[in-house]
Amino acid sequence: MLRRRDSKASEAAVDLTPMIDMTFILLIFFMVSTTFVKDMKLDINRPGAHTQVVASTKAVRIYIDRQGETFLDGEPVRVWAIQGRVRDLLRGMTQKSVLVVADDQVPSGRLVEVVDQARLAGAEDVGVATVAEAGEG
């Protein structure tokens with residue numbers, strides 16, 4: 001008594017659902033782990049320094065242009081409003097650092113005022129962006 005198989009060949013089906021799920025999981029992982037650094041299109045000549053340390057790409061950036069106007073997230077912001085805005089941005093960050101990118105023509109009083117507002121907002125590390133100068137020979 002031999003059993004006969006159906007004469008129809010059984011179709012082999014490949015389930016693509018797990019592969020699609022993994023593709024979307026990888027896509028989400030790369031989107032979340034990628035850092036987006038957006039520099040504004042301001043014409044800023046940074047002051048030079050002989051010593052410098054590379055700033056974190058996750059630092060909150062405050063820009064001060066030649067006229068002394070301040071910018072945060074690409075939008076103009078008054079100095080008195082910097083503390084509240086920076087506090088909101090730092091709230092979800094583990095590394096609470098702020099980088100002030102100022103033109104070399106900005107008065108030191110304005111720079112100190114912006115740095116002070118950033119520290120009052122809770123920034124643990126506040127730096128000023130500079131360009132590297134050639135070493136003395």
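User: How many aromatic pairs does the count come to?

Analyst: This is a predicted model, in which local features need pLDDT of at least 70, side-chain atom pairs count only at pLDDT 80 or more, and totals for chains, interfaces and linings use all residues. Residues are numbered from 1 along each chain as its sequence is written, and side-chain values use heavy atoms, with hydrogens and water left out. Rings of Phe, Tyr and Trp (its six-membered ring) pair if their centres lie within 6.5 Å, and planes under 30 degrees apart count as stacked, over 60 as edge-to-face and the rest as tilted. By this rule the count comes to one aromatic pair.

User: Why is the pair of Phe 29 and Phe 30 given the class it has?

Analyst: The ring centres of Phe 29 and Phe 30 are 5.4 Å apart. Their planes stand at 65°, so the pair is edge-to-face.

User: Is Val 14 buried or exposed?

Analyst: Buried means under 20% relative accessible area, exposed over 50%, and partly exposed in between (1.4 Å probe, protein chains only). Val 14 lies in the segment before α1 (17–33), where helices (H or I, at least four residues) and strands (E, at least two) are DSSP runs, numbered from the N terminus. With a relative accessible area of 68%, Val 14 is exposed.

User: How many of the residues of strand β2 are buried?

Analyst: Val 60, Ile 62 and Ile 64 point one way from β2, while Arg 61 and Tyr 63 point the other way, and all are buried. In a regular strand the side chains alternate between the two faces of the sheet. Strand β2 (residues 60–64) is therefore largely enclosed by the rest of the structure, the number of buried residues being five of the five.

User: Which residue in β5 is the bridge partner of Ile 64?

Analyst: Two strands pair if DSSP finds at least two bridges between them. Strands β2 and β5 (residues 97–102) run parallel and are joined by five bridges. In β5, the bridge partner of Ile 64 is Ala 102.

User: Which residue in the turn between β2 and β3 has a positive phi?

Analyst: Three bridges join β2 to strand β3 (residues 70–72), and these two strands run antiparallel; in β3, Leu 72 is the bridge partner of Ile 62. The two strands form a hairpin with five residues between them, and the turn residue with a positive phi, of about 90°, is Gly 68.
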